[in-house]
Amino acid sequence: MIDALPEIHATREFAGRHPGRVFLNYFLESQRGSYKWSREERIVQENRTEALDASRQAIRDGKIILPRGGAVIQEFAEHMASDVKQLVEDADTGAKSFRYVRTGTDHFSLAFTYECIAASRYASGVGRCFTWEGYDAEEHRRNNIMNIRF
């Protein structure tokens, strides 16, 4: 799964070279609910706020286990924290909604969110992100693996 925009021609060409294996991603703020996959068009569409919520929920619920510390994990955490959820009010209608606002570099944040979306297509179980079969939190604690919470 790759960003469809802003280089739409290049991303379509790339997806065309890998039929059925690469999907172009489009965020649609008006979409609600499940991710919408189109195999024929090689696209996936979802609400950006809901997708980012789901990826953060996977971290909070301990469905994703990250190694303890290290420079890459620190960078991952910084990127995840760069997408900040804020209450936004429409100036014309007064309608309020939550949206994530980028406050810094967020490459890992989006890549992780895309991974959650892609994994949801194949994962069994409840949820819109990862569902790990046989997850044992106590075993992970014994092996000195830590959960990072955002």
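**View 1. Helix 2, end to end.** Helix 2 runs for 13 residues and spans 18 Å from its first C-alpha to its last, close to the 18 Å expected at 1.5 Å a residue. Keep in mind that this is a predicted model. At the start of helix 2, look for Asn47: one of its side-chain oxygens comes to within 2.9 Å of the backbone nitrogen of Thr49. At the other end, just after helix 2, Gly62 has a positive phi of about 75°.

**View 2. What helix 2 hides, and what covers it.** The buried residues here are Arg48, Thr49, Ala51, Leu52, Ala54, Ser55, Arg56, Ala58 and Ile59. So which elements are included in the cover over the buried residues of helix 2? Among the strands there are strand 2 (24–27), strand 4 (43–46), strand 5 and strand 6 (96–102). Helix 3 and helix 4 belong to that cover too.

**View 3. Asp83 and its two arginines.** Asp83 makes a salt bridge with Arg48, and the closest N and O atoms are 3.8 Å apart. This pair links distant parts of the chain, with Asp83 in strand 5 and Arg48 in helix 2, 35 residues apart. Asp83 and Arg48 are both buried. Arg56 also forms a salt bridge with Asp83, this time with 3.7 Å between the closest N and O atoms. Since Arg56 sits in helix 2 and Asp83 in strand 5, the pair ties together parts that are 27 residues apart in sequence. Like Asp83, Arg56 is buried. Shared partners join Arg48, Arg56 and Asp83 into one salt-bridge network.

View 4. Where do Glu13 and Arg17 lie? Both are in helix 1 (residues 8–17), four residues apart, which is about one turn of the helix. Arg17 counts as exposed because its relative accessibility is 51%, and the cut-off for exposed is over 50%.

**View 5. The buried side of helix 3.** In helix 3 (residues 71–81), the buried residues are Ile73, Phe76, Ala77, His79 and Met80. They all sit on the same side of helix 3 because they cover an arc of only 165° around the axis. The cover over these buried residues includes helix 2 (48–60), strand 5 (83–89) and helix 4 (107–120).

View 6. Four strands make an open sheet, ordered 1-2-4-3, with mixed pairing. Strand 1 (2–3) and strand 3 (36–38) are the edge strands, each pairing on one side only. Strand 1 and strand 2 run parallel and are joined by two bridges. Zoom in on Asp3, and you'll find that its bridge partner in strand 2 is Asn25.

View 7. The bond between Leu5 and Pro6 is a cis peptide, with omega at about 5°. Pro6 itself is in the loop between strand 1 and helix 1.

**View 8. Arg42 and its positive phi.** Here's a backbone detail to check: Arg42 has a phi near 60°, a positive value in a residue other than glycine. Which loop holds Arg42? Look between strand 3 and strand 4. Arg42 counts as partly exposed because its relative accessible area is 24%, and buried would need a value under 20%.

**View 9. Stepping back to the whole chain.** Taken together, the protein chain has five helices and six strands. Reading from the N terminus, the elements go β-α-β-β-β-α-α-β-β-α-α. The chain has 150 residues, of which 33% count as buried. Of the contacts in the protein chain with a separation of 6 or more, 46% come from residues 24 or more positions apart.

Methods. Residues numbered from 1 in each chain as written. Predicted model: local features only at pLDDT ≥ 70, side-chain atom pairs only at ≥ 80, totals over all residues. Heavy atoms only, no water. Buried < 20%, exposed > 50% of the residue type's maximum accessible area, 1.4 Å probe, protein only. Arc of directions from axis to C-beta. Contact = heavy atoms within 4.5 Å. Expected span 1.5 Å × (residues − 1). Polar contact = N/O pair within 3.5 Å; in protein donor to acceptor, adjacent residues only side chain to side chain. Salt bridge = Lys/Arg side-chain N within 4 Å of Asp/Glu carboxyl O. Pairing = 2+ DSSP bridges.
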